[in-house]
Amino acid sequence: MEFFAGDGNSNLKVLNDILMTYVMYNFDLGYVQGMSDLLSPILIVMSNEVDAFWCFVGFMNRVAENANT
């Protein structure tokens with residue numbers, strides 16, 4: 001996807017920053033494989049790091065029980 005393509009793409013840094021912030025926000029869950037796949041479309045649509053983070057938090061609150069299995 002072009003939004004994340006290329007070396008040094010700032011959108012990849014934002015994606016990483018949001019994931020790392022979420023790991024600290026929800027330390028008990030930590031990072032689960034596939035979170036970047038769930039966050040990517042949110043980030044594209046929201047196009048704002050803070051809004052995308054809180055949208056991701058809300059989404060993860062709904063699906064987190066599936067990640068613990």
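**One residue and its setting**

Modeller: Happy to! Leu19 is buried, with a relative accessible area of 7%; buried stands for under 20% relative accessible area, exposed for over 50% and partly exposed for what lies in between, using a 1.4 Å probe and protein chains only. Please keep in mind that this is a predicted model, where local features need pLDDT of at least 70 and side-chain atom pairs pLDDT 80 or more, while totals for chains, interfaces and linings use all residues. Residues are numbered from 1 along each chain as its sequence is written, and side-chain values use heavy atoms, without hydrogens and water.

Leu19 belongs to helix 1; helices here are DSSP runs of H or I with at least four residues, strands are runs of E with at least two, and both are numbered from the N terminus. If we set aside neighbours within four places in sequence, Leu19 is in contact with Tyr31, Met35, Ser36, Leu39 and Phe56, contact being heavy atoms within 4.5 Å. Take Ser36: it sits 17 residues from Leu19 along the chain, with 7.3 Å between their C-alpha atoms.

That brings us to helix 2, whose buried residues are Met35, Leu39, Ser40, Ile42 and Leu43. Just past the end of helix 2, Ser47 adopts a positive phi of about 55 degrees.

Asp17 pairs with Lys13, and their closest N and O atoms are 2.9 Å apart; the criterion is a side-chain nitrogen of Lys or Arg within 4 Å of a carboxyl oxygen of Asp or Glu. The two residues are 4 apart in helix 1, so about one helical turn separates them. Asp17 is partly exposed at 24% relative accessibility, whereas Lys13, at 52%, counts as exposed. The whole structure has 1 salt bridge.

Now for the rings. The structure holds 6 aromatic pairs, counted when rings of Phe, Tyr or Trp (its six-membered ring) have centres within 6.5 Å, with planes under 30 degrees apart called stacked, over 60 edge-to-face and the rest tilted. Phe3 and Phe4 form an edge-to-face pair, because their planes stand at 80 degrees, with centres 4.8 Å apart. Phe3 is partly exposed at 26%, while Phe4 is buried at 14%. Phe56, one of the contacts of Leu19, makes an edge-to-face pair with Tyr22, at 5.1 Å centre to centre and 75 degrees between the planes. Tyr22 lies in helix 1 (residues 10-25) and Phe56 in helix 3 (residues 49-67), so this pair ties together parts 34 residues apart in sequence.

Stepping back, the protein has 3 helices and 0 strands, in the order α-α-α. Its radius of gyration is 12 Å, close to the 11 Å of the globule rule for 69 residues, so it is as compact as a globular protein of that length; the radius is taken over C-alpha atoms, and the rule is 2.2 Å times the number of residues to the power 0.38. Buried residues, Leu19 being one of them, make up 33% of the 69 residues.
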